Amino acid sequence: MSDRIQAVRGMNDVLPQETPAWQFLEDNARRVLESYGYEQIRFPLLERTALFSGAIGESTDVVSKEMYTFEDRNGESLSLRPEGTAGCVRALLQHGMLQGQTHRLWYQGPMFRHERPQKGRLRQFHQIGAEAFGLDGPDVDAELILLGERLWRRLGLTGISLEINTLGTPESRARYRDALVEFFSSRRGELDEDSRRRLESNPLRILDSKNPDMRALIDHAPRIDEHLDAESADHFGRFKELLDAAGVGYRVNPRLVRGLDYYTRTVFEWLTDKLGAQSAICAGGRYDGLVASQGGPDTPGVGFAMGLERIIELLRLEQGGFDSTPHAYLLLLGETAQVAGTALAEKLRDALPALRLVMNAGGGSMKAQFRRADRSGAQYALILGEAEAQSGEVAVKPLRGEGEQQTVSSEALPAWLAERLELGAG
Ligand code: HAM
């Protein structure tokens, strides 16, 4: 075992028994996103490193410590994408799509961050993200929240809460930054090592400290709402009114600062109480300066991304029961049956697109084929021997629970299966 090549640490395989939950999540997310008019965009996993350092910020943990960066054969510095917003903006700019247009977009796929792997924190993880461009009002901020809430409802998730905050404009944020630097510098002795480092590089992130010993100090730090500009305060007020009117519960968390530098005004996180430390299942906010900072026209933007591994874990805890085992296994006994069986299997799949039917391959005795049928997890064995092939019939035997073997004509078989498996014909 030890000399066999293993997956890279923090990069997981998704095995067949796990994929139904992924598909359930992905299908529902796509449907909900489309129901709000969001269109899918796909962009590369690799980009120039400068895109990420410019968009996300040199001093963020993501850029300074976590990116998978390497030189390609031409000596160009490339990085695996640690998130999707930067690549999305790059793609829109490159294709001239931000000349005053609005866009509602979504994407999905793997992201890469060299973090310390633990439960709910991986080095290759997957996100579904949504981004809205060219819309500067709090109405679209609220739309993204309602979209998220609708998805949690559809997935049947409970115990999910919403935290919101505003970071103001870059100017008011800079004033707040100064106030924080002044405060924390005067209490330098009480800072832990991480926070002392952040005091130099990214003082807002001190507020995000997970160290319980820092809590009391952070509680006394200046609050962002004391430094907010009037327009951002108004934007935030109207955002909250829209959430109130829609009946969405939330908590204003003035310490919510986010780990990426591009945010302005609204920021938010959806949290669960069921996953321990990795409680954020979805997070995002407004980034009104990002497009311009990448050389594009002044274009507001707002979006979020959800961490699929964390939501899958919630689905596993709360729902279970995702199933991709076959409904039926077709046993073929003898050469005539082999030929007739292939045709029969195709007919069944034509008639019942939702049917999961495995046809025995590789021959074998009746006993061996029954054993395979049983192991497949199928609910029914469909048995086609020489006699049945002649008479246009199939023997059907339930493999789980009670029930006798019976004979059904191959004509009637689709309806027979549809009724028992609740598949619905056609
Ligand atoms: P983020 O907060 O860095 O934001 O990531 C969003 C979500 O991805 C997190 O809430 C979490 O669920 C998941 N996630 C992040 N890192 C990991 C990891 N190492 N392992 C597992 N899951 C993880 C962004 O990425 C922004 N681009 C979101 C956004 C879009 N803001 C505006 N538009």
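**A sheet, its helices and a ligand**

Strand S1 and strand S5 (residues 103-112) run parallel, joined by two bridges. Strands here are DSSP runs of E with at least two residues, and helices are runs of H or I with at least four, numbered from the N terminus. Gln 40 has Trp 106 of S5 as its bridge partner.

This is a predicted model: local features need pLDDT of at least 70, side-chain atom pairs count only at pLDDT 80 or more, and totals for chains, interfaces and linings use all residues. Residues are numbered from 1 along each chain as its sequence is written, and side-chain values use heavy atoms, without hydrogens and water.

S1 and S5 belong to an open sheet of eight strands. Its order is S1-S5-S6-S11-S10-S9-S7-S8, with mixed pairing. Two strands pair if DSSP finds at least two bridges between them. S1 (39-40) and S8 (251-252) are the edge strands, each pairing on one side only. Helix H9 (residues 230-245) packs on the sheet. H9 touches S7 (160-166), S8, S9 (264-272) and S10 (280-286). Contact means heavy atoms within 4.5 Å.

Now two other helices. H2 (residues 49-56) and H4 (residues 85-94) pack at about 110 degrees, with axes 9 Å apart. Axes are lines fitted to C-alpha atoms over the stretch in contact, and angles run from 0 to 180 degrees between N-to-C directions. Leu 51, Phe 52 and Ala 55 of H2 meet Ala 86, Gly 87 and Arg 90 of H4.

A backbone N or O atom of Ala 280 lies 2.9 Å from a ligand oxygen atom. In the side chain of Tyr 262, an N or O atom is 3.0 Å from a ligand nitrogen atom.

Notes
A polar contact is a pair of N or O atoms within 3.5 Å; within protein, one must be able to donate a hydrogen and the other to accept it, and residues adjacent in sequence count only if both atoms are side-chain atoms.
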